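Subject: Handing over a structure, with notes

Dear colleague,

I am passing on the structure that we spoke about, and I would be glad if you could look it over before reading my notes.

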Amino acid sequence: MSTNLAPLVLEAIAKRYGQGATAVEAVRGVDLRVEAGEIVAIVGPSGSGKTTLLSIAGCLLRPTNGRVFILGTDVTGMGQGTLAGFRRRHIGFVFQSFNLLSPLSARENVEIALNLAGIGGREARERSGSLLGLLDLTAHAGRRPSDLSGGEQQRLAVARALANRPDIILADEPTANLDSGAGHRVIELMRSAVEAGEAKGLVIVTHDVRILDVVHRVLLMEDGRFTPSSSAAGPS
Amino acid sequence: MAAMRASPLSPIRPGFVHLATRTLLHDRVRLALSIGGIAFAIVLVVILRAIMDGTVRRSTTYLDHVGADVVVAQAGVKNMMLAASILPEAVVGSVGEAEGVDQAAGIMRLAVIVTNGERTLPVNAVGYGEEGLGGPWKLKSGRLVQAPDECVVDSDLAEKLGVGIGDTVTIGDRGYRVVGISRETTAIAGKLMFVQRATLQELMRLPGRVNFVLVTLRPGFDPQAVADAINGGSPGATAITVSELSRNDRHLLSDLFISPIQVATTTGFLVGLAIVGLTMYTTTSERLRDFGVLKAIGAPNSYLLQTVIGQALALAVVGYGLGLCLTALAGPIITGIVPDIGVIITLANALRALGAVVAMSLFGALVPVARIMRVDPLMVFRRA
């Protein structure tokens with residue numbers, strides 16, 4: 001399989017937890033290629049392996065078998081320190097629980113991601129200001145996450161994920177804690193960010209069928225595999 | 001492509017978000033309590049040592065103010081405090097003839113119990129001669145002694161005994177009329193009382209004897225050289241410079257104090273360590289998810305390590321500053337209540353406490369750091 005320029009390629013990924021009779025095969029030989037500009041949704045029942053697959057794609061969990069490529073680089077054998085550096089430069093995360101840093105303001109939550117990549121001072125302020133503007137959060141730049149609504153917090157999490165112009169954004173149930181309006185807005189903003197080149201690709205793990213019409217492809221995962229019913233879709 | 005930069009990941013770089021301090025400031029009540037606790041520990045660590053330093057320094061107040069350059073004692077005696085020294089009074093004359101000596105005067109020193117009615121106090125009595133050297137150097141009121149039954153007493157001693165000029169104090173079965181009140185003549189080893197030399201010679205039944213010979217020099221003569229010359233020509237006597245004698249007495253008193261002081265300062269250190277450790281442990285325990293998030297978005301362990309240590313150091317340094325200020329403020333209050341002792345925060349003491357506080361913060365951060373290093377970034381996928 002060619003890996004050239006694809007933001008994310010997973011080759012024959014398998015993940016087994018435990019050993020012997022108690023071993024659990026969470027992911028069983030999954031292949032996935034996300035093309036530049038592509039938005040992919042992974043849906044499936046709880047326990048089907050979606051989040052495990054996302055963790056592997058995000059270099060947070062090592063697969064038992066298979067290989068992970070981020071923009072052509074095989075990250076499978078990298079050490080923890082190298083992987084941390086790779087994550088901060090190439091991968092953006094959006095979580096269901098937002099996972100914002102509560103002691104920091106909205107602006108600082110974005111800036112800290114830039115700081116981790118070695119960007120500080122005026123450049124970091126300008127970039128964070130630009131992202132907060134993009135996500136309609138400029139008025140909330142100085143407020144703490146606890147002072148923001150759920151939708152605003154998730155938009156802020158998206159801004160943090162976009163801070164370093166990642167190759168791939170991995171979103172885990174990004175709309176699960178939001179009402180339909182706020183959820184729709186977050187998805188639209190992520191799609192716009194990909195279309196604007198702020199990120200090269202987007203993978204969303206979700207139960208939310210409302211967002212399936214804005215993604216390019218929907219993959220159904222069951223028992224650690226993509227089912228044959230996985231299909232291409234088209235953003236409306 | 002993502003921003004590609006050299007990434008020196010110090011969380012305390014200018015222009016970078018200071019997560020360590022922001023996290024501390026997030027809970028201001030706990031921050032205030034922690035800093036207060038550390039300051040208390042620093043007060044414990046610093047003030048006892050400051051009292052020891054101040055008191056030890058004050059213990060040589062006689063030697064430091066009496067105006068002598070060299071002291072001659074019985075052979076082999078190198079302290080004035082707690083030392084037994086008896087010399088023939090004739091030594092005074094021979095010492096006075098040494099080259100460079102301006103004046104030589106014998107003094108008697110005796111620890112006595114002074115009473116005024118029901119009030120009784122231990123006192124260091126000093127007997128000095130008509131030449132004046134060895135007597136009180138600063139009078140608050142009255143005059144110097146002129147007769148065997150007269151005395152000059154320290155102002156604090158006079159206050160505690162409830163006596164003034166014209167009153168009589170008693171040593172044994174003899175009374176001495178107070179003719180002068182001296183200042184700056186108090187020390188932990190006893191407040192000073194001055195009488196004629198012959199008075200103490202008679203009390204001690206040592207006629208023709210002195211305990212020490214005080215020596216002043218003519219201008220241009222080196223005390224050590226004169227002391228060496230006296231030592232060469234006076235068998236049975238030891239001459240020592242006042243600065244060395246003073247230093248010896250301070251070391252002697254320090255050695256007496258140091259063990260209990262070390263116990264107390266170690267206790268203070270452990271209290272501070274417990275406060276820093278507990279604060280860091282609770283702060284990091286509550287923020288484990290934040291550290292998991294930071295790991296997930298690419299923060300290396302070194303960044304997290306610096307953040308935690310930065311928090312511990314910030315706590316410790318602020319607590320240290322506050323503790324030092326409180327100690328400095330407490331000093332005059334303590335010496336006002338107990339004039340016998342002094343409170344001096346020496347640079348060495350302050351630096352020692354700073355070292356202790358840095359050690360507190362580093363040791364206090366050990367357990368939290370170990371815990372954070374084990375944080376699994378996958379926790380970010382668990383529902384909060």
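First, the conventions. This is a predicted model, in which local features need pLDDT of at least 70 and side-chain atom pairs count only at pLDDT 80 or more, while totals for chains, interfaces and linings use all residues. Residues are numbered from 1 along each chain as its sequence is written, chains are lettered from A and ligands numbered from 1 in the order in which they are written, and side-chain values use heavy atoms, with hydrogens and water left out.

The two chains

Chain A has 6 helices and 11 strands, and chain B has 12 helices and 12 strands; helices (H or I, at least four residues) and strands (E, at least two) are DSSP runs, numbered from the N terminus. Of the 236 residues in chain A, 60% are buried, and of the 384 residues in chain B the buried share is 51%, where buried means under 20% relative accessible area, exposed means over 50%, and partly exposed lies in between (1.4 Å probe, protein chains only). The accessible surface, from the Shrake-Rupley method with a 1.4 Å probe and with only the protein chains shown counting as cover for residues, comes to about 8600 Å² for chain A, 49% of it on carbon and sulfur atoms, and to about 16900 Å² for chain B, 60% of it on carbon and sulfur atoms. Taking a contact as heavy atoms within 4.5 Å, 70% of the contacts in chain A between residues at least 6 apart in sequence join residues at least 24 apart, and the corresponding share in chain B is 79%.

The open sheet of chain A

Four strands of chain A form an open sheet with the order E2-E1-E4-E5 and antiparallel pairing, two strands being paired if DSSP finds at least two bridges between them. Its edge strands are E2 (24-34) and E5 (73-74) of chain A, each of which pairs on one side only. Helix H1 (residues 50-57) of chain A packs on this sheet and touches E1, E2 and E4 of chain A, with a direction that makes about 125° with that of E1(A); axes here are lines fitted to C-alpha atoms, for helices over the stretch in contact, and angles run from 0 to 180 degrees between N-to-C directions. Within the sheet, E1 (residues 8-17) and E4 (residues 65-70) of chain A run antiparallel and are joined by 5 bridges, and A:Ala14 stands opposite A:Asn65 in E4(A).

Strand E3 of chain A

All 5 of the 5 residues of E3 (residues 39-43) of chain A are buried, so this strand is largely enclosed by the rest of the structure. In a regular strand the side chains alternate between the two faces of the sheet. Here A:Ile39, A:Ala41 and A:Val43 point one way from E3(A), while A:Val40 and A:Ile42 point the other way. E3(A) runs parallel to E8 (residues 202-205) of chain A, with 4 bridges between them, and A:Ala41 has A:Ile204 as its bridge partner in E8(A). E3(A) also runs parallel to E9 (residues 217-222) of chain A, again through 4 bridges, and there A:Val43 stands opposite A:Leu220.

H5 (residues 150-162) of chain A has 13 residues and reaches 18 Å from its first C-alpha to its last, close to the 18 Å expected at 1.5 Å a residue, the expected span being 1.5 Å times one less than the number of residues. This helix is mostly covered, with 12 of its 13 residues buried, and its cover includes H3 (106-116) and H4 (121-134) of chain A as well as H9 (288-296) of chain B. In the loop between H4 and H5 of chain A lies A:Ser149, which counts as partly exposed at 36% relative accessibility. H2 (residues 80-90) of chain A is mostly covered too, with 8 of its 11 residues buried, and H9 of chain B is again among the elements that cover it.

Where the chains meet

In total, 41 residues of chain A are in contact with 35 residues of chain B. The two chains bury about 3500 Å² between them, 60% of it on carbon and sulfur atoms, buried area being the accessible area (1.4 Å probe) that two parts lose on being put together, summed over both. In chain A, the residues that lose the most area to chain B are A:Leu60, A:Pro103 and A:Leu116, together 17% of what that side buries.

With best wishes
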